[in-house]
Amino acid sequence: MADMKKYPTPMLDVLEDGPWPSFITGFKKMRDEHPDERINNVINGLMGQLEHSYETRMGYWKGGTISVYGYGGGIIPRFSEVGDSFPESREFHTLRVQPTPGNYYSTDMMRQLADSWEKWGSGLQTFHGQTGNIMFIGSDTKSYQHFFDEINEYGWDLGGAGPCVRTAMSCVGAARCEQSCCNEHAIHRHLVNSFTDDVHRPALPYKFKFKVSGCPNDCQNAIERADFAVIGTWRDHKKIDQEAWKAYVEEKGVQHVMDNVISRCTSKSLSLGDDNSLIADETNCVRSMHCMNVVPKAIGPGDDKGVTILVGGKRTLKIGDLMGVVLVPFMKLETEEDYEKIVELAEEMVDFWAENGLEHERTGEMIERIGFVNYLEGIGIDPDPNMIHQPRNVSYVRTDGWDEAAEEWFNKKREEKAAVAG
Amino acid sequence: MAAPEMREPIESGCPDGFQYMHPAMRRNFGLWAYHEDPMPGVLLHVAKNGDKVWTVKAGTQRILDVFTLRTLCDIGDEYADGYMRFTIRSNIEYTIDSEDKLQPLVDALKDKGFAVGGTRNSVASLSHTQGWLHCDIPGTDASGVVKSMMDELYEEFTNWNMPNRVHITTSCCQINCGGQGDIAINVQHTKPPKIDHSLVGNVCERPSVVARCPVAAIRPAMVDGQPSLEVDEKKCICCGACYPPCPPMQINDHEATQLAVWIGGNHSNARGKPTFQRLVAAGIPNNPPRWPEATAIVKKILDCYKEGGRDWERINEWVERIGWPKFFEVTGLPFTKYHIDNWRGARANLNSSTHIRF
């Protein structure tokens with residue numbers, strides 16, 4: 001260690017100042033104090049290259065194709081373009097590993113992962129990347145298979161990279177949130193673990209992401225980022241504890257309550273009674289969460305819980321950002337059959353997209369190209385007015401199948417009525 | 001010689017989280033009644049049976065070294081019964097079932113240099129990408145931008161000064177892995193790619209590169225007798241989408257790669273429907289190691305929001321209430337032709353009414 005020539009890092013050194021935790025301070029500790037000389041050298045090279053990027057304002061990693069035996073993805077290969085100047089970190093691949101839903105760990109398991117990674121890799125990791133993986137950053141070509149074999153033996157598997165089903169994400173969920181309306185853990189694992197082959201062997205048009213948020217606050221950004229967004233919701237009345245509500249009004253005063261709760265309801269479905277009780281027009285509640293976010297002690301989701309499923313959310317590439325749109329307004333998720341139903345829906349959606357999507361086309365973009373109605377017909381879902389913001393407003397539409405479509409609607413309504421009557 | 005025996009992977013997929021959950025969370029799964037916010041960075045959740053858990057949240061450097069990771073484990077062992085989790089924005093969270101351990105846990109985190117906060121109406125930790133440290137197409141760094149910005153926003157992370165929570169994101173290219181934020185600091189390329197025609201034919205699958213372009217500005221061409229690609233530079237929107245599938249089409253440049261600030265992305269369905277972020281400032285230099293120009297704009301926007309936003313208004317709601325002309329007035333940011341949308345669906349972003357504030 002003593003004879004290691006340290007690359008100068010004047011620009012990175014600046015990032016050691018200030019109150020926020022410094023990744024550079026962490027790197028230096030690894031370079032200077034870690035007992036393994038291999039790690040000292042790798043971090044030294046990495047810092048040298050990063051400093052070079054800071055000085056020239058350019059990146060110097062290029063990709064490639066590598067994976068572990070039996071898989072086709074899950075690893076982000078990185079080869080340095082300036083490896084002759086910084087040979088210690090010439091190869092710096094990242095392994096993407098699937099965390100648990102909600103990102104729970106025991107310290108024992110965390111230490112075990114740290115020990116394995118220290119043995120085979122750089123000792124740097126991120127919890128978690130933007131897709132939701134644990135990122136073990138910095139392994140060379142001769143080591144990543146060993147690291148994977150070791151952690152795979154004690155329960156960890158690679159996530160997705162490339163055109164495949166990606167690692168899923170879930171919020172903290174029912175484990176610690178009163179607003180949770182579903183079992184995020186079960187949904188997450190039922191969905192993504194039904195696609196392990198599609199996670200490990202990239203063969204789809206592009207990426208496909210599942211994200212699960214337990215309530216419409218959507219802490220996982222599912223609507224904006226997931227091809228398949230599952231959002232917990234409820235379809236009966238929200239729960240109001242009038243005593244707790246009145247205590248809140250008493251504490252804050254009527255004006256505060258009017259300004260911050262009653263008048264802020266999205267669908268104007270709340271009013272304040274003369275006795276300070278909360279009056280809710282439940283038929284007009286759109287589950288916009290505001291009242292229960294402000295007064296969680298008095299207001300909460302109802303009992304008849306389930307999920308809303310939205311399809312086609314994604315970020316910029318290629319045609320611009322797209323939000324997910326409602327595909328299934330409400331689905332109950334309680335029995336094993338319910339879970340089979342959501343998995344079957346996901347399989348139908350992935351299959352249809354695998355057959356009809358163009359190369360590098362996300363589900364949302366395919367829907368833009370072929371039209372939402374064609375998509376619905378392709379996966380066998382009936383139209384529902386909850387899917388739209390408003391009906392079409394341009395007269396260019398051919399309606400010669402109208403009578404049959406109307407008949408289907410009435411038949412469906414009759415069936416629903418009969419089902420309720422039992 | 002026989003080939004070495006390869007180990008077959010165990011395709012276990014996503015592991016079960018219940019084994020790593022604090023027993024109080026396992027016990028009360030789906031049975032929580034309400035929560036309170038005792039202090040910045042601390043949540044109190046109360047179960048229907050009266051059980052209570054306190055959660056302490058702290059910001060980290062995200063790129064963790066094993067020393068730091070073990071420090072977090074040590075804290076978890078000493079104060080949190082050996083359990084920990086990470087949030088979507090790479091904060092560490094410990095959940096405990098005894099109030100006695102709360103202050104010692106908060107103190108231990110602060111003592112080790114972690115920032116306790118990021119709950120309720122604070123500026124949350126920046127969510128970010130890989131940047132120069134690891135990405136193959138980055139226009140800037142990510143960890144360094146975040147470190148610089150959070151140093152300046154430390155008081156906003158550790159206190160409840162904002163009308164509502166503020167999510168800030170950064171992205172080191174225009175593909176925008178950083179996602180949507182109340183404020184987003186994203187790379188903005190300003191010049192078409194520089195093409196190394198000697199490499200394109202061998203390195204790039206040309207039809208797929210042509211297909212990647214959002215504005216059909218790329219076409220196959222013979223250049224100096226070699227098969228290559230050419231870009232109609234008048235059409236090119238400098239997005240960099242051609243660069244990942246074709247590295248000889250270098251989009252990054254030490255001067256022309258700049259930063260832009262976008263605001264009003266909000267993923268929640270709370271009150272309004274989710275919204276995408278909108279461009280407010282561009283032409284910001286990509287200036288390591290501290291990116292002071294970008295930070296100054298972010299702080300200015302935050303100051304105006306703090307001053308003018310009503311309780312519970314996110315940044316997009318604040319601007320919708322006061323109007324965009326007022327936003328540009330109070331922030332002092334210039335309004336330009338580049339703010340006016342011309343992408344698909346652009347008319348929906350124009351004002352077809354006489355609703356104008358004078």
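Me: Which residue is the bridge partner of A:Ser106 in β5(B)?
Reply: This is a predicted model, where local features need pLDDT of at least 70, side-chain atom pairs count only at pLDDT 80 or more, and totals for chains, interfaces and linings use all residues. Residues are numbered from 1 along each chain as its sequence is written, and chains are lettered from A and ligands numbered from 1 in the order written. Strands here are DSSP runs (E, at least two residues), numbered from the N terminus. The partner of A:Ser106 in β5(B) is B:Tyr83.

Me: How many residues of chain A are in contact with chain B?
Reply: Contact means C-beta atoms, placed from the backbone, within 7 Å. Chain B brings 97 residues. Chain A brings 103.

Me: Which element supplies the largest share of the side of chain B that touches chain A?
Reply: Helices are DSSP runs too (H or I, at least four residues). Several elements each supply at least two residues, including β1 (32-39) and α4 (143-152) of chain B. The largest share is eight residues, from α2(B).

Me: What percentage of chain A counts as buried?
Reply: Buried means 20 or more other C-beta atoms within 10 Å of a residue's own; exposed means 12 or fewer, and partly exposed lies in between, with C-beta atoms placed from the backbone. Chain A has 422 residues. The buried share is 50%.

Note on methods: Contact = placed C-beta atoms within 7 Å. Pairing = 2+ DSSP bridges.
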